[in-house]
Amino acid sequence: MSDIRKMLAETVNRLLADIVTTEMLVDAEQGIWPKELWQAVEENGLTMPLVSSDNGGVGCTWLDAMVVMHGAGHYSAPIPLAETILATWLLDQAGIQPPMGPLSIASGSESQALQFHQESDTWHVSGVAKRVPWGGQVEQIVVTGMSEGKLRVGLVKQGNFGVENSQNMAREPRDTLTFDNALVSMTGIANGLPENAVSVYGSLLRSIQIGGALERTLSESVLYANDRTQFGKPIGKFQAVQQNLAQLADEVAAVGAASTAACAAIDLAFSSKEEVDSLFRIAAAKARASEAAGKASSIAHQAHGAFGFTYEHILHFSTRRLWSWRAEYGSGDFWAEMLGRRVVEIGADQLWVHLTATD
Amino acid sequence: MQTFSFDPVEMPPAAATLREEAREFLKEHNASRKPLDRAQSWSGADPEFSRKMGAQGWIGMVWPKKYGGQERTSFERYVMLEEMLVAGAPVGAHWIADRQSGPLLLNFGTEEQRQKYLPPVTRGEMFYCIGMSEPDSGSDLASVRTKATKVDGGYLINGRKIWTSNADKAHTMIALFRTRTNEQNRHDGLSQFVVDLRDSNGNDLKEKNGIFVRPISSMLGEKHFNEVTFEDAFLPDTALVGSEHNGWSQVMAELAFERSGPERYLSSIQLVIQMIKALKDSPSPQGYTAIGRLVAHLVTLRQMSVSVAGKLNAGEDPALEGSIVKDLGAIFEQEIPTIAQQIFSVEPTLGDGSDLEQVLGFLIQNSVSYSLRGGTREILRGIIARGLGLR
Ligand SMILES: Cc1cc2nc3c(=O)[nH]c(=O)nc-3n(C[C@H](O)[C@H](O)[C@H](O)COP(=O)(O)OP(=O)(O)OC[C@H]3O[C@@H](n4cnc5c(N)ncnc54)[C@H](O)[C@@H]3O)c2cc1C
């Protein structure tokens with residue numbers, strides 16, 4: 001691991017382990033914004049690792065930033081930390097210096113993209129964006145849309161759009177935002193990013209967070225299995241339980257590796273002169289992570305018995321996120337189908353060449 | 001809880017160069033191989049092909065030059081294995097020596113043993129088999145009973161090995177025998193030996209030395225593995241590998257090399273290739289989704305396997321990670337035939353019909369063994385559970 005990655009991992013895990021209590025998670029589900037948590041991650045420089053030095057950042061790689069998002073997933077951090085990392089990166093890619101404070105991202109749907117338009121020297125955006133994470137709570141929203149064949153990235157302040165509150169199954173805010181000629185305070189073009197950048201990179205955020213949450217379900221399950229005694233011994237001594245938890249570990253390991261492959265490919269795509277198909281690996285990561293989320297959640301709940309089915313036990317904070325996240329920014333099957341089409345396009349004889357081209 | 005890690009790895013530039021060389025070589029020497037034959041993966045053996053690889057310096061390529069090796073990095077070897085497996089090249093003859101017997105002798109063998117047994121391997125002229133399992137000792141390997149009784153100048157071997165892949169063709173066996181009984185500790189008293197089965201000209205030495213090989217047909221009708229009986233077979237003292245009675249820890253070190261290589265997830269890759277071809281001809285959304293999902297697993301497993309290679313290269317002991325790769329790899333290899341039948345209405349066949357049907361027919365059957373050989377699924381999960389702190 002690079003030094004910066006180690007440092008980021010150490011910081012995020014120490015902070016979140018300390019601050020994200022069950023109480024905070026319960027409060028957040030009632031819509032209470034965990035101010036001290038946000039302050040802590042911001043003060044410790046965890047909110048914009050991907051921003052280049054040109055725009056006041058430190059220019060970490062995706063592999064580095066991954067450990068922060070992974071930590072956010074592991075501890076179920078009830079703040080848009082991963083979203084802010086992506087939002088600030090999108091701004092950076094468009095040559096805009098990102099503001100402080102929590103951000104989220106919105107792009108409309110595939111069929112109904114957000115529309116930018118210019119009036120004299122100000123930019124405006126219109127359209128509806130559904131299920132925007134913390135859309136009603138963040139200070140500003142990063143919006144994307146196409147303009148002249150390129151991806152336009154803009155910043156819109158809270159108050160300039162309508163908000164209809166909703167939540168995902170984990171009670172994280174997922175709001176519908178209505179932009180009606182909303183004023184865009186800053187905007188630029190992100191060359192090199194695709195039209196569906198929010199969905200592509202959003203899916204990667206979720207894959208990484210799923211990896212973190214899975215890791216938590218594993219450590220909770222092992223803890224519980226070594227603690228809970230039935231038939232005179234810890235249930236973790238029963239081979240049937242061991243075999244299940246080994247499979248849970250398999251899934252945790254696989255998801256971490258899949259996201260790592262995706263982040264490494266993005267880093268390569270941005271540092272290499274050659275064409276790198278990072279989308280291939282991003283799609284693979286979401287397909288793999290979504291599959292693991294279901295399998296691993298059921299193993300973890302099975303090991304936890306009825307205690308794990310209570311609101312009081314913390315397991316569901318992870319598993320409800322897993323079930324929600326696997327569907328967000330494209331389900332596993334959505335990305336698998338896309339990947340399958342790409343594979344056929346590449347062709348059976350060239351698949352391996354394609355896979356090894358990023359070494 | 002012990003944590004496992006699958007850190008990203010950067011391959012050295014030499015690996016990419018070698019990959020290109022391997023692809024050129026395969027174009028010349030493997031292009032005409034039929035898909036069904038390719039599907040045999042690393043159990044497909046062709047001594048002639050092994051000799052050609054030996055001539056390239058591609059067997060034992062990480063070993064010291066003085067034993068015929070090339071002192072390449074383990075990444076270069078890894079890349080070579082990948083290319084051979086994906087091409088379905090017949091690498092089975094030298095596979096075991098390259099993967100585990102050679103490294104074993106390098107670690108524990110005497111100088112004399114290394115001089116005698118390694119250079120011919122690198123030339124693709126000496127093939128190995130592994131005599132560990134016995135009729136009553138499968139997963140519970142420490143219960144091995146075939147006895148090596150100390151006599152003047154050597155040992156007398158009595159007992160029976162089973163499932164010994166390639167014993168009929170191999171020149172050399174690395175065998176695990178019991179040299180003493182210790183009621184308190186079953187792991188004590190096991191020893192490894194190098195057994196000559198053929199001389200350097202390939203002449204059979206077995207029967208005159210009290211070693212009898214009986215091929216066992218697999219359910220596919222192939223004679224891949226064998227039963228090997230020892231009747232007062234004499235082995236000189238110089239046949240002992242490593243220290244007497246200490247074979248168990250040597251075997252454990254040897255098996256660690258066995259678990260995370262590309263052969264642990266690529267055994268059904270020929271069917272994936274046939275499926276992609278078939279999907280191109282008859283596309284369907286379900287087909288795309290199924291193939292995409294399989295490729296997502298493929299990408300992931302490769303990332304994991306390469307990462308473990310990185311750990312091995314750095315001298316770490318990735319026992320837990322290796323077991324995870326092998327467990328997931330076998331699940332992957334085994335689900336591919338079922339998925340192929342779900343998305344294409346094809347019947348598995350034996351050597352006739354389309355390439356897809358033939359490869360399917362072979363792999364449906366053969367893949368059941370992928371979660372047995374090299375440590376069963378249950379044993380691997382036991383290792384993982386131990387790593388998690390449950391045992
Ligand atoms: C194709 C092939 C090639 C092989 N080649 C070789 C070779 O070259 N040399 C060699 O020495 N061996 C070889 N083997 C043997 C292989 O190592 C054994 O098959 C393996 O170790 C399992 O032993 P077994 O078949 O006796 O099964 P068993 O050990 O009898 O196991 C049967 C079932 O019981 C389960 N089981 C056993 N013990 C436990 C436990 N403690 N907890 C839970 N479940 C358990 C197993 O997981 C398995 O599902 C080969 C096997 C195959 C299939």
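Trp62(A), Trp89(A), Tyr201(A) and Phe270(A) are tied into a cluster by ring pairs. Here, rings of Phe, Tyr and Trp (its six-membered ring) pair if their centres lie within 6.5 Å; planes under 30 degrees apart count as stacked, over 60 as edge-to-face and the rest as tilted. Keep in mind that this is a predicted model, where local features need pLDDT of at least 70 and side-chain atom pairs count only at pLDDT 80 or more, while totals for chains, interfaces and linings use all residues. Residues are numbered from 1 along each chain as its sequence is written, chains are lettered from A and ligands numbered from 1 in the order in which they are written, and side-chain values use heavy atoms, with hydrogens and water left out.

**Aromatic pairs**

- Over all chains, the structure holds 19 aromatic pairs.
- Phe116(A) and Trp123(A) make an edge-to-face pair, because their ring centres are 6.4 Å apart and their planes sit at 75°.
- Phe116(A) counts as buried at 10% relative accessibility (buried means under 20% relative accessible area, exposed over 50%, partly exposed in between, with a 1.4 Å probe and protein chains only).
- Trp123(A) is buried too, with a relative accessible area of 15%.
- Over in chain B, Phe177(B) and Phe230(B) also pair edge-to-face, at 5.2 Å centre to centre with 80° between the planes.
- That pair links distant parts of the chain, 53 residues apart: Phe177(B) is in strand E4 (residues 172-178) of chain B and Phe230(B) is in strand E7 (residues 223-236) of chain B. Strands (E, at least two residues) are DSSP runs, numbered from the N terminus.
- Phe177(B) is buried at 0% relative accessibility, and Phe230(B) is buried at 2%.

**Around the ligand**

- The ligand has 14 residues around it, and the closest are Gln239(A), Ser133(B), Ser139(B), Thr376(B) and Glu378(B) (a residue is near if one of its heavy atoms lies within 4 Å).
- Chains A and B both supply residues here, so the site is shared between chains.
- Within chain B, domain 2 (129-246) and domain 3 (260-387) both give residues to the shell, so the ligand lies between them. The domain bounds come from an automatic or database domain assignment.
- Strand E3 (residues 154-165) of chain B gives the most to the shell, with three residues.

**Atoms close to the ligand**

- A polar side-chain atom of Gln239(A) lies 2.8 Å from a ligand nitrogen atom.
- For Thr376(B), an N or O atom in the side chain is 2.6 Å from a ligand oxygen atom.
- Glu378(B) has a polar side-chain atom 2.7 Å from an oxygen atom of the ligand.

Definitions and conventions
Polar contact = N/O pair within 3.5 Å; in protein donor to acceptor, adjacent residues only side chain to side chain. Helix = DSSP H or I, 4+ residues; strand = E, 2+ residues; numbered from the N terminus.
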